[in-house]
Amino acid sequence: MFAKRQSALAAAAGTAPRAKDGPSLKPVVDALKKPPVAAGLAGLLLLSASALFLTVLGDPKAGTPSAHVALERDAPAPQAPAPTGFEAFSMGAMGLYQNLAGGDPTAGGDAVITLPDGGSVSGQGAPITAPVHAASPLAKAPIAGLSQPGSNGPLPMIAPDGRVPAQAYARPFRPNGKPRVSLIVGGLGLNAVTTRAAIERLPPEVTLSFVPYADNLQGWIDQARAQGHEVMLEMPMEPTGYPDNDPGPYTLLADGGADDVTAKMDWLLSRATGYFGVTNYLGDRFAGSDTGMNAFLSVLRQRGVAFLDDGSFQRRPGAWARASADRVIDRTQSPAAIVAALNGLEAQAKLRGSALGAGFSYPVTVEAAARWTAGLEQRGLQLAPASSLSMRPGR
């Protein structure tokens, strides 16, 4: 086989190579003659020509004015959480003053509270800078004969000559024949700004109530009395939900027994001198305890101290002198709601001859009360200290 292959190659070596047959265009031509293919090709050529035209001559809308704006959606502003009880005493709550009185929150780098008639408070306990009520000082505490030593400090007592703290420490009052309206503002002593605003911006006839756990409690009471306010001391009492809702370590407990109530009251009453009476802080559950309430009122009777409550203890007579508030003015903490409650207090005073309101030292409460009291005389009422509405049991 190998020899036969060599012979074939040799025979072909001297002949000229044959030209290869070229590709035929006949199938392409025949395809282009078909109408669908021809139409498609024409469309393709038109698109190609348009693209070439834009490339060479540019954008036909290039002369038209245009603008490019990058749009970004702003992140939603986070909602502020509801204020806690502690924040009610902090500078964070001062914005309520701004809404009412239009103060500048950035003046001097500190929050500024603008009060009626141009008064203001700024910073962490900075003094009020413009007008306050003229001082109408009460006698400096302690008054001789009205206190005795206790294991935790001085305790109120009835003097040998019959004088009692409920009268001696009360603000003197002379009725003028008009309906009387009184107001107690409580929760004072825990925040310097709100305490000072209440002492200096509210008229002396407004009764002030202090928290027994406050630092420098005697100093605050002395300042209040020097301005002309009679003062009260708050008694923390067991509320519904205790101990989750806890008024503090010396809370008077519904099932604590008479000895426990007496021991705790010895500590509470010895925190300061100069108060004519006490009031409750919470205490709806304690109010239902016969044993606890009897012990509580017995101590107050023996020491000549009045008890004025927020309206929760109206069916509990006792103490040396008693009164119950007709309404709490700031259950809803808004200017409109507080003003409506104060207007209701006025109407009640005109109907019955007297009315007693109670409120907490929220900034909005102090501000609304300062404005409300300013026009009472023109509206035919007399602003009276709360002690003037208290009465001895059985009288």
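Modeller: Of the 395 residues in the protein chain, 44% are buried, meaning under 20% relative accessible area with a 1.4 Å probe and protein chains only; over 50% is exposed, and partly exposed is in between. Bear in mind that this is a predicted model, where local features need pLDDT of at least 70, side-chain atom pairs count only at pLDDT 80 or more, and totals for chains, interfaces and linings use all residues. Residues are numbered from 1 along each chain as its sequence is written, and side-chain values use heavy atoms, with hydrogens and water left out.

Now the rings. Phe, Tyr and Trp (its six-membered ring) pair if their centres lie within 6.5 Å; planes under 30 degrees apart are stacked, over 60 edge-to-face, and the rest tilted. That rule gives six aromatic pairs. One of them is Tyr213 with Trp267, tilted, at 6.1 Å centre to centre and 35° between the planes. This pair ties together distant parts of the chain, 54 residues apart: Tyr213 sits in the loop between strand E6 (207-210) and helix H7 (217-227), Trp267 in helix H8 (residues 257-269). Helices here are DSSP runs of H or I with at least four residues, strands are E runs of at least two, and both are numbered from the N terminus. Tyr213 counts as partly exposed because its relative accessibility is 26%, while Trp267, at 17%, counts as buried.

Then there's Phe307 with Phe313, edge-to-face at 5.6 Å centre to centre and 80° between the planes.
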